[in-house]
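Hi there,

Here is the structure I promised to pass along. Have a look at it first, and then read on for what turned up.

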Amino acid sequence: MLLHDTALIFGRYARQTLRSRFAMLFGVLMPLLYLLFFGPLLTDLPLGGGGSSWQILVPGLLLQLGLFGAGFAGFMIILEKNAGIVERMRVTPVSRLALLLGRVLRDAAVFVFQAVLLVLAALVMGLRAPVAGILIGFGFVALLTVSLASLSYALAMRSASPQAFGPAVNAVSMPSMLLSGLMLPMTLAPGWLDVLSHLMPFRYLVDAMRDAYVGSYATDSMLYGVLVALGFAGLAVTVGTRVFRKAGA
């Protein structure tokens, strides 16, 4: 029943997404602008890591796509609460876990699709990476999306209005981006900033993705990245499910 209910919820929101293709493509705009206007500035610069500047920048942009996109996914819940949709869902026998999983799996599918578009654009601009590394990167994007979308929906269920939800997400997402080394490796930062960045889970994901993009799979960074990504996803889904069950949504 859980799989059946999850498929129903996923299908409902997937159809909504397909009816707004422009919004789905617009979501990749910000990372694409970074790729077009920021990427060329890094060409031939010593960035302190293996591989080309594109192999360092693109993994960070993919995670940035998930960080900001999935972080604001909860806006939909607030709109549904105001429209009475959540109230109607409360009286159905659908699993509360399915109500969360259907949403976050839709989000994961959307952001992986956007990540594919971003990688295709990067390949045109000069990115060269092994196919296995690119596929591993998509896996990290999916796990990050599941994690952040789950937490975003949980926060939105507790938020009374978009005015309260938006600033809270911004207060977390912007420092996370700056301290995780998404744009440039944190090995270029002062020692104190590099140490501080290790408190951010996204640091381990981006380091693992950069290793994958240069074909290094059996590294400590890859191991830590996989463990953090899986652990973070499990914790976020657990928190999101508890909030949904308590709210009766």
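Of the 249 residues in the protein, 47% are buried. Please keep in mind that this is a predicted model. The radius of gyration is 18 Å, which agrees with the value near 18 Å that a compact globule of 249 residues would have. Along the principal axes, the C-alpha atoms fill a box of roughly 60 × 35 × 35 Å.

The secondary structure is simple to list: twelve helices and zero strands. Read along the sequence, that gives the pattern α-α-α-α-α-α-α-α-α-α-α-α. If you take the contacts between residues at least 6 apart in sequence, 81% of them join residues at least 24 apart.

Two helix pairs are worth a look on screen. As a reminder, two packed helices are described by the angle between their axes and the distance between the axes.

Start with helix 3 (residues 29-37) and helix 4 (residues 53-71), which pack at an angle of about 160° with their axes 9 Å apart. An angle over 145 degrees counts as roughly antiparallel, so helix 3 is roughly antiparallel to helix 4. Their crossing is right-handed. From helix 3, the residues in the contact are M30, P31, Y34 and L35, and they meet W54, L57, V58, L61, Q64, L65 and F68 of helix 4. Sorted by class, that contact has ten nonpolar residues, one polar residue and no charged ones.

Which residues does Q64 touch, apart from its neighbours within four places in sequence? They are M30, P31, Y34, G69, M177, L182 and M183. Q64 itself lies in helix 4, and with a relative accessible area of 1% it is buried, because the cut-off for that is under 20%.

The second pair is helix 8 (residues 131-158) with helix 11 (residues 201-213), packed at an angle of about 165° with axes 8 Å apart. That makes helix 8 roughly antiparallel to helix 11 as well. Here the crossing is left-handed. Helix 8 contributes G133, I134, I136, G137, F140, L144 and L148 to the contact, while helix 11 brings F202, L205, A208, M209, A212 and Y213. By class, the contact between helix 8 and helix 11 has eleven nonpolar, two polar and no charged residues.

S150 sits in helix 8 and is buried, with a relative accessible area of 0%. Leaving aside neighbours within four places in sequence, S150 is in contact with L100, V104, T145, A236, V237 and G240. Between S150 and G66 there are 12 Å in space, C-alpha to C-alpha, although the two are 84 residues apart in sequence.

And where is S180 found? It is in the loop between helix 9 (162-179) and helix 10 (191-197). S180 is buried too, with a relative accessible area of 1%. Beyond its neighbours within four places in sequence, S180 is in contact with M186, M200, F202, R203 and V206. One of these, F202, also belongs to the contact that helix 11 makes with helix 8.

Best wishes

Technical notes
Residues are numbered from 1 along each chain as its sequence is written. This is a predicted model: local features need pLDDT of at least 70, side-chain atom pairs count only at pLDDT 80 or more; totals for chains, interfaces and linings use all residues. Side-chain values use heavy atoms; hydrogens and water are left out. Axes are lines fitted to C-alpha atoms, for helices over the stretch in contact, and angles run from 0 to 180 degrees between N-to-C directions. Helices (H or I, at least four residues) and strands (E, at least two) are DSSP runs, numbered from the N terminus. Angles under 35 degrees count as roughly parallel, over 145 as roughly antiparallel, 65 to 115 as roughly perpendicular and the rest as oblique. A crossing is left-handed if the near helix is turned anticlockwise from the far one by less than a right angle, and right-handed if clockwise. Contact means heavy atoms within 4.5 Å. Ala, Val, Leu, Ile, Met, Phe, Trp, Tyr, Cys and Pro count as nonpolar, Asp, Glu, Lys and Arg as charged, and the others, Gly among them, as polar. The radius of gyration is taken over C-alpha atoms; the globule rule is 2.2 Å times the number of residues to the power 0.38. Buried means under 20% relative accessible area, exposed over 50%, partly exposed in between (1.4 Å probe, protein chains only).
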